[in-house]
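This report looks at surface, packing and aromatic contacts in one protein model. Please keep the structure open while reading.

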Amino acid sequence: MVRRAALAAMLLAGAALAQPDLAQPSTAKPAGAARPNIVLIIVDDWGYSDVGAFGSEIATPNIDALARAGTRLANFHVAGSCSPTRAMLLTGMNSHRAGLGNMPETIPPAHVGKPGYDAVLARGIPTLANRLHDAGYATLFAGKWHLGRGATDREPGNLPGNRGWEQALALSQSGADNFENTPNKLLYETADWTQNGQPAALPERFYSSTLITDTAIRQMASVKGRPFFATLGYLSNHIPLQAPDADLARYQGRYEAGWSALRDSRAAGTVKAGVLPASPHVTMASTRDWQALTPQERARWSGAMTVYAAMATALDREIGRLVSHLKASGQYDNTVFVFVSDNGAEASNPEANWFTTANTRAMYDMAPANQGRPGSFTYIGASWASAAASPLKGYKFSASEGGLRVPFIIAAPGRTDWQPGRVAHGFAYATDLAPTLLDLAGVSAGDGLEGRSLVPMLAGTGSAHRADEAIGYELSGNAVLFKGDFKLVKNLPPYGDGRWHVFDIMADPGETRDLGPAQPALLAAMKGDYARWAAANKVLAMPDGYSAPQQIQDNALRHLLPRRLAPLAGALLALLLVWGTMRGWRRAA
């Protein structure tokens, strides 16, 4: 209690927003040692407890092996959606300064082009690849990019090759089919895969996790005489959820007890894994009553979670194959591995109303028996997404812990100064990754980074952030101010009530006890800190009635509907011409 009171006093006294010191390289690289290779694995839409080492029942033995060899960060935070997170991870700057104040899929038209709302990675900002390439690293990219597209008549190229990566197989969009070169048809007309900036010639049939791993291994094998920085952006577990048949068979029947039972077992798993303390049970309003579902509904939904788990295990196998390659080539001991999810699990429902349901069923095979297979579109929805975040509250897009706190593992097998298998509980943020990797590579961070190197925390000798340091975040109107153990948070509907709340996320990671009513001075001080951060970063207020799910649908319709209607309009015009011609013939007769 004394510690919390002192910290609250510091929060009130330190009204000015504290700016972090520039990260300075430590003695991370032993004298005379070769610079380490770096493998950054960014997975898509994994919930906090989806990894075995974080309490999951899903089989992830290869990721768990990295956890045993390295350190799990139990309090690592990202953005509530993919592009802003990737921008922060790869630049060390907050998403607004990096140009991703919002994404193409969720940005309201009124915000397009405003400062910080490029909806792509802003020009002139150096990436990790730029900095490491300048220091002599080979820079390699394979997988999801989602930070810009190739050059058009109206804008220059903004693919990995334009931002510091020498070799790149990149998907510019949020997701795509996992078995063939087709897009997420609910959002895009084509799948924008490129190879070194040119349209990629993908195999007729493939599996996305295998394709990305194959590419990364080839890229690594092509590097001679230089350390490499390899960025792997897997599509797993972004919708559409799809997995090989053998992996689907492994989980048949595993989820028949339902999402509430899974949420309870996952909560116990995080405590057993040592990543979270035992905390009050969180009941999510979005979680439906499993017993109230019909047998057919339960079979359909248990099948959806089967696909989700199978897709995660399929990816884990590919990570094992990548690690085996590095061991066989003698590079494993001199490689730093990072595993991180870009946000919490995806809760969106593409069958939320009659229109989206009709569109989804017109584009995909939605038969329950074919979930996860080629041509299908499987999603887990809010109830399972809530369980994937257990025991946290919320999921992707929300600013609750289930949307922002993700599994994070960093391993450097050749180091002897890090305790293997350790769990670090100190607060860490997406912007901390870039200075950390530069520190480990022995590269000066220079100017422009907002994050702090995590190396002292990884070595068990200190924390990355001061207790009085204020760190702001905003995406689609959902906003946060982190300060010490405290979190100020506001979620717009449908993710929250639009009001500010304060939680002690160290003692109460499930955000069950709002401290604001009992500590109004703390609430006011943190709101002041957030207002200063938002003004400094030119954060825009959302339009009245804004909803991220609705904006996704509106933006997709705006781009896809004219293209989808064009063939129908052409056919209608042809019919009218034929009809008119036939009428002319009849009159002439």
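## Surface and burial

What is the accessible surface of the protein chain, and what share of it belongs to carbon and sulfur atoms? The total is about 22700 Å². Carbon and sulfur atoms account for 57% of that area.

The model is predicted. The protein chain has 589 residues, and 57% of them count as buried.

## Fold and contacts

The protein chain holds 15 helices and 16 strands.

## Nonpolar cores

The largest nonpolar core contains 95 residues. Those with the most contacts inside this core are V39, W193, M220, I319, F339 and W384. Helix α8, residues 295-328, supplies the largest share of the core, with 15 residues.

## Around W384

Which residues does W384 contact, once neighbours within four places in sequence are left aside? They are Y255, G258, W259, L262, W290, W301, S302 and M305.

W384 also belongs to an aromatic cluster. Ring pairs link W384 with Y255, W259, W290, W301 and Y379. The charged end of R254 sits over the ring of Y255, 5.5 Å from the ring centre. R300 lies over the face of W301, at 4.4 Å from the ring centre.

## Aromatic pairs across the sequence

The protein chain has 23 aromatic pairs. One of them joins F141 and W165, whose ring centres are 5.7 Å apart. Their planes stand at 80°, so the pair is edge-to-face. F141 lies in strand β4 (residues 138-144), and W165 lies in the loop between β4 and β5 (167-171). The pair therefore ties together parts that are 24 residues apart in sequence. Both F141 and W165 are buried.

A second example is F397 with Y495. Their ring centres are 6.5 Å apart and their planes are at 40°, so this pair is tilted. F397 sits in the loop between α10 (381-388) and α11 (401-404). Y495 sits in the loop between β15 (486-490) and β16 (501-504). The pair links distant parts of the chain, 98 residues apart. Are F397 and Y495 buried or exposed? Both are buried.

Methods
Residues are numbered from 1 along each chain as its sequence is written. This is a predicted model: local features need pLDDT of at least 70, side-chain atom pairs count only at pLDDT 80 or more; totals for chains, interfaces and linings use all residues. Side-chain values use heavy atoms; hydrogens and water are left out. Helices (H or I, at least four residues) and strands (E, at least two) are DSSP runs, numbered from the N terminus. Buried means under 20% relative accessible area, exposed over 50%, partly exposed in between (1.4 Å probe, protein chains only). Accessible areas come from the Shrake-Rupley method with a 1.4 Å probe; for residues, only the protein chains shown count as cover. Rings of Phe, Tyr and Trp (its six-membered ring) pair if their centres lie within 6.5 Å; planes under 30 degrees apart count as stacked, over 60 as edge-to-face and the rest as tilted. A charge sits over a ring if NZ of Lys or CZ of Arg is within 6 Å of the ring centre and within 35 degrees of the ring normal. A nonpolar core is a set of buried Ala, Val, Leu, Ile, Met, Phe, Trp, Tyr and Cys residues joined through side-chain atoms within 4.5 Å. Contact means heavy atoms within 4.5 Å.
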